[in-house]
Amino acid sequence: MAAGVFIHRVDTNYNDAPGRYHFPGRYYSRVKSLEGQWAVYYEPVKVRNSRGFYAMGIVDKVEPDFVGGGDMFYAHIDPANFVDFPYPVPQRGADGRLVERALEGQSGGVSGNRQSAVRPLADADFRRIVEQGFRRPFEEVFGANQVAPPIGGGLYDQSVPFEYEVSRERKARTVNAVVRATGFRDAVLRAYDNRCAVTGSNISSLDGSVEAQAAHIRPVTKGGPDVISNGIALSHTAHWLFDNGLLSVTDDRSILVSRHLNDAESVRALLNASGRIIDPMDFRHRPHPVFFQWHRDNVFKH
């Protein structure tokens, strides 16, 4: 099963966004070879509090940067097959060895001439990263009877303004639905410390059960990915209101209350005093504005 590594950092100068990876032409042939295959996102150790290997997605199509021009390209990532690891994988394992063994030099250190921003990922290393990222056997993550993704076959219309608006027909080797759902829930609730972003409550029982639920901002059934930036922790009531378009969030994180509620004042009384959602402490996990924009345009009852 072919796979690759995309190095990405939050302070990048490239025009990366959810669903696309921006890269210079010198990596074109490597990225092009990954169409229809998995790319694992890696945050280098130079980044403060590096997450290491933290997400993976199937490369849907590679095309030039038509707007920015120059020798630049985009790798579009299929949102149906883009997922954060519930448990980010550090560069080195508990045994002190590199998780990506192909990078090991003779002394056990990192071989500098093998560290490319885009590089192939050995099958054994991909398996190791996936198993650690999900804390499940590789066959359980993907399902033993699934077929490997075909090369190419991605559908793209360059006139579409944002990558998540594209329909897809590929039958790829996808992450098991139960594993995805469980991983998404665990990752989102951990990011929010089990606290509802709308009410601020973090009610839990003595057995460890928590009231907060992990909600997709843009549902998977509507093209949303299983990444933390497309998730928000909500209490049961807030989750119902959000899914039914009675609550939403602005770009400045203010909470919107729909006029279609029969008792809007009671709902406003539930909101935390700031009137804004409570974001995760780690800014890398905060919801991306593009997902809230989709929710306001397609779900919220104005």
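Predicted model: local features only at pLDDT ≥ 70, side-chain atom pairs only at ≥ 80, totals over all residues.
The structure holds 14 aromatic pairs. Take Phe6 and Tyr21. Their ring centres are 4.2 Å apart and their planes sit at 10°, so this pair is stacked. Phe6 belongs to strand 1, residues 3-7, and Tyr21 to strand 2, residues 20-24, so the contact ties together parts 15 residues apart in sequence. How accessible are these two? Phe6 has 0% relative accessibility and counts as buried. Tyr21 has 4% and counts as buried too.

Next, Phe126 and Phe138. Here the ring centres are 6.0 Å apart and the planes are at 80°, so the pair is edge-to-face. Phe126 is in helix 2, residues 123-134, and Phe138 is in helix 3, residues 138-142; the two are twelve residues apart. Both Phe126 and Phe138 are buried.

Back to Phe6 and Tyr21. They are part of one aromatic cluster, together with Phe23, Tyr28, Tyr41, Tyr54, Phe73 and Phe82. Tyr54 also has a charge over its ring: the charged end of Arg51, 3.8 Å from the ring centre. Arg135 does likewise with Tyr87, its charged end sitting over the ring, 3.8 Å from the centre.

The largest cavity holds about 40 Å³ of space. Which residues line it? They are Val198, Thr199, Thr237, Ala238, Leu241, Leu247, Val267, Leu270 and Leu271. By class, that lining has seven nonpolar residues, two polar and no charged ones. Helix 5, 236-243, and helix 6, 264-270, each supply at least two lining residues. Helix 5 gives the most, with three.

Note on methods
Residues numbered from 1 in each chain as written. Heavy atoms only, no water. 1 Å grid on protein atoms, 1.4 Å probe; cavity = no way out; pocket = protein on both sides within 12 Å on 5 of 7 lines; lining within 4 Å. Points joined across faces, edges and corners; volume = space filled by probe spheres on them. Helix = DSSP H or I, 4+ residues; strand = E, 2+ residues; numbered from the N terminus. Nonpolar A, V, L, I, M, F, W, Y, C, P; charged D, E, K, R; others polar. Phe/Tyr/Trp six-rings, centres within 6.5 Å; stacked < 30°, edge-to-face > 60°. Buried < 20%, exposed > 50% of the residue type's maximum accessible area, 1.4 Å probe, protein only. Lys NZ or Arg CZ within 6 Å of the ring centre and 35° of its normal.
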